[in-house]
Amino acid sequence: MADILLQLEQVAVQLGAQKVLENINLTIYKGQQWAVTGQSGSGKTVLAHTLAGRHFFSGHISASFDTPETFHQSIVVVEQQHRFKDLTNRSDFYYQQRFNSFDAEQTATVAQELANYITPANQATATQWISMLQIDSLLEEPLIQLSNGENKRLQLTIALLQEPKLLVLDNPFVGLDVNGRAILNTILEKISSSGITLLLITTPDQLPPCITHVATLQKGVLTQAVPAAQYQPPAPEKLSLPITAGLQALAGAPEADFMTAIRMADVTIQYEGKYILHHINWEVKRGEHWSVSGPNGAGKSTLLSLITGDNPQAYANEIYLFDKRRGSGESIWDIKKKIGYVSPEMHLYFDYTATCFQAIASGLFDTIGLFRTLNAEQEELVNQWMKVMQLDKKAHHGLSRLSAGEQRLTLLARALIKNPALLILDEPCQGLDAAHTELFRHLVDTICAQSSTTLVYVSHYRAEIPSCVNKFLALEKGKGTITV
């Protein structure tokens, strides 16, 4: 009989008054590679953190490695959202920091970060992992300027340098383009072949070939644990879609005292001689619905930063927002008050001490956190948006207590609450399950159908793009191609 690597018996976890995991029984044998799937909020990440010793639990967890008191130290979790520290040991970064060269210089380089994990004993192994994960060319790059795919590979390298007995990856495919996902599949195959056991938190449609077994969580309960060949994805959850008339009344029609939302004329952005955007000419008229696409590193985040007022190089280019040229006397707040915005970077840098209610309400004032007292009308508006997003029962939960999907829905409500004239949604469905993705597509389609809202939508997945989108800007190595 195969040797047991890790065994969970009647494991339960309660956070505050909420039962998150209940009666979990799971046995992982040496040589197996596991995936854990489940809907947003089903307890997948809490399970990973429990294995790594971050939550108190009842029941019993035993491992064939180390002692009962220390085995969790050999279980390494690679988070979906990674936070690092700068050279002064601070981690309170802000989104605009990656576009400011001085601030970027205050963050460690990839080589400096890796030096914290490389010892004379693992030097040879480190060289192999760095080469395999294609980190060689990134060694002098500041951490804050890494793309999503580059950051994922770096975190994997750091995790492997800790020589884990069990390596847990929380939604590793999130934010990666087609090529990035293919590269990651190859890397996971090599890791599994090296003798390291993997446990992936992922979706049913993103099971790597190396996975041998699949477990499914549903509302904190393990509903199946089977060989991958026998795995049957559960039927998608059916969420009640908001009544269109009620959503229309909530969203209303935005103020639209402009004809052209965005115009870029021969826009070029470069850092240290490297072109990020190269002669971009793009015009978005009021009420148009655009998709912006391209592989990781194509320049999408930089393009959006020029619109949202976060990139100082906007003043060195000919860019018009809401019929006015950037640098003609407007403040960053004049720009932001007309824009609803959500992105993976905003998710990463958001204030996690805020409650769900406070985070949504902050969208009324374009702040990262709520620093004002709401009037009764504003409070009711926040409550209505929480109900639409099916977050009303989580109003007073801190963001850190919400699942990644619930956090993303909170930030989506924050972007929508002020009924913006321009809605910029950068990978808005990252971390959402199929049911919540469909809910959000319905929201966006409904809002755009009944108002003059201008939409810019970024996604690596064509199936996630709302049906109202009918104009396309594709970026490739900083150059743009328009299809209408």
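Cysteine 429 takes part in no disulfide, and the nearest cysteine sulfur, that of cysteine 468, is 12 Å away. A disulfide here is a pair of cysteine sulfur atoms within 2.5 Å, and the structure holds zero of them. Cysteine 210 is also buried, at 7% relative accessibility.

## About the model

This is a predicted model, in which local features need pLDDT of at least 70 and side-chain atom pairs count only at pLDDT 80 or more, while totals for chains, interfaces and linings use all residues. Residues are numbered from 1 along each chain as its sequence is written, and side-chain values use heavy atoms, with hydrogens and water left out.

The protein splits into domain 1 (4-230) and domain 2 (243-483), with bounds that come from an automatic or database domain assignment. Their C-alpha centres lie 29 Å apart. In the contact (heavy atoms within 4.5 Å), domain 1 supplies 27 residues and domain 2 supplies 32.

How much area do domain 1 and domain 2 bury between them? The value is about 2500 Å², with 49% of it on carbon and sulfur atoms; this is the accessible area (1.4 Å probe) that the two parts lose on being put together, summed over both. On the side of domain 1 that touches domain 2, there are nine nonpolar, 14 polar and four charged residues. In this scheme, Ala, Val, Leu, Ile, Met, Phe, Trp, Tyr, Cys and Pro are nonpolar, Asp, Glu, Lys and Arg are charged, and the others, Gly among them, are polar.

## Salt bridges

A salt bridge puts a side-chain nitrogen of Lys or Arg within 4 Å of a carboxyl oxygen of Asp or Glu. The structure holds seven salt bridges, yet zero are counted between domain 1 and domain 2.

One of the salt bridges joins lysine 285 to glutamate 283, at 3.6 Å from N to O. Lysine 285 is partly exposed at 35% relative accessible area, and glutamate 283 is partly exposed at 34%. Aspartate 366 pairs with lysine 418 in another salt bridge, where the closest N and O atoms are 2.3 Å apart.

Technical notes: Buried < 20%, exposed > 50% of the residue type's maximum accessible area, 1.4 Å probe, protein only.
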